[in-house]
Amino acid sequence: MKLAPRHRAAIAELLGRVSEFTADEVAVALELVDEALARGDASGYRFAIDEAADGALRGYACFGPTPMTEATWDLYWIAVDPRLQRGGHGRALLGEVERAVAAAAGRLLRVETASLDAYDATRAFYERAGYACAARLGDFYARGNDLCIYTKYLDRPAADV
Ligand SMILES: CC(C)(COP(=O)(O)OP(=O)(O)OC[C@H]1O[C@@H](n2cnc3c(N)ncnc32)[C@H](O)[C@@H]1OP(=O)(O)O)[C@@H](O)C(=O)NCCC(=O)NCCS
């Protein structure tokens, strides 16, 4: 489902309940929503929205083509309602993102995440989905919190990543 103005408040509310995210991160995530609502695809940000039949937001992902690359895309954000996590919604959202990127002739997806214990589940989620930790920058976010760069080549068999 595409992003619509009514999703903004629901995304803000959901992000506010995700314990992994700081207030600064929530503010940045909402800037991407505002950019996409204002400028559409020209913003560089696309959204996958998982909404229940009653209109409740189950989760969302934000992704887009990486500037100055040839067919590389970034997954900027993915979040599932904490009450619904581990129910397959994240996997479904990521699948929707990958299909959209492949349909746009994208060949590589990059995701950045943190090495903190709080992100163990997130890293397990990406690894289970076929993403490989391609690089790690020590003490990047803060001392003791490395940047982990995960990648998935959509045009290669899983064994070749
Ligand atoms: C990361 C996130 C999007 C995953 O969504 P989800 O709906 O909970 O994940 P799924 O149920 O689709 O899980 C798919 C697979 O990932 C792995 N996984 C997911 N959560 C896990 C956990 N807590 N511990 C270990 N493995 C986990 C499992 O292999 C799982 O498959 P399985 O349940 O059949 O074993 C969600 O946990 C989330 O919103 N986390 C907080 C925000 C965040 O960290 N976002 C990413 C950074 S921007």
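In what order do the elements of the protein run from the N terminus on? The order is α-α-β-β-β-α-β-α-β-β, with 4 helices and 6 strands in the protein. Helices (H or I, at least four residues) and strands (E, at least two) are DSSP runs, numbered from the N terminus. The model is predicted: local features need pLDDT of at least 70, side-chain atom pairs count only at pLDDT 80 or more, and totals for chains, interfaces and linings use all residues. Residue numbers start from 1 along each chain as its sequence is written.

The radius of gyration of the protein is 15 Å, close to the 15 Å given by the globule rule for 161 residues, so the protein is as compact as a globular protein of that length. This radius is taken over C-alpha atoms, and the globule rule is 2.2 Å times the number of residues to the power 0.38. The C-alpha trace spans about 40 × 35 × 30 Å along its principal axes. Of the 161 residues, 29% are buried. A residue is buried if 20 or more other C-beta atoms lie within 10 Å of its own, exposed if 12 or fewer, and partly exposed in between, with C-beta atoms placed from the backbone. Among contacts (C-beta atoms, placed from the backbone, within 7 Å) between residues at least 6 apart in sequence, 52% join residues at least 24 apart.

The 6 strands form an open sheet of mixed pairing, in the order β1-β2-β3-β4-β6-β5. Two strands pair if DSSP finds at least two bridges between them. At the edges stand β1 (46-51) and β5 (132-142), each with a single partner strand, so one side of each has no neighbour in the sheet. From one strand to the next, the twist averages 25 degrees. Axes are lines fitted to C-alpha atoms, for helices over the stretch in contact, and angles run from 0 to 180 degrees between N-to-C directions.

Strand β2 (residues 57-65) runs antiparallel to β3 and is joined to it by 7 bridges. Ala 61 has Ile 78 of β3 as its bridge partner, and Gly 64 stands opposite Asp 74 in β3. The hairpin of β2 and β3 has 6 residues between the strands, and Met 68 there takes a positive phi near 65 degrees. Ala 71, in the loop between β2 and β3, also has a positive phi, near 70 degrees. Ala 71 is partly exposed, with 14 other C-beta atoms within 10 Å. Asp 139 lies in strand β5 and has a phi near 55 degrees, a positive value in a residue other than glycine. This residue counts as exposed, with 11 C-beta neighbours inside 10 Å.

In β3, 7 of the 9 residues are buried, so the strand is largely enclosed by the rest of the structure. β3 pairs with β4 in the parallel sense over 4 bridges, and Thr 72 has Leu 108 in β4 as its bridge partner. Helix α3 lies across β1, β2, β3 and β4 (108-114), at about 30 degrees to β2.

The ligand is surrounded by 20 residues, the closest being Gln 85, Gly 90, Arg 91, Ala 121 and Ala 124. The elements that give two or more residues to this shell are β3 (72-80), α3 (89-103) and α4 (120-128). A residue is near a molecule or strand if its C-beta atom, placed from the backbone, lies within 6 Å of it. The largest share of the shell, 5 residues, comes from α4. By class, the shell has 9 nonpolar, 7 polar and 4 charged residues. Ala, Val, Leu, Ile, Met, Phe, Trp, Tyr, Cys and Pro count as nonpolar, Asp, Glu, Lys and Arg as charged, and the others, Gly among them, as polar.

Key:
Contact = placed C-beta atoms within 7 Å.
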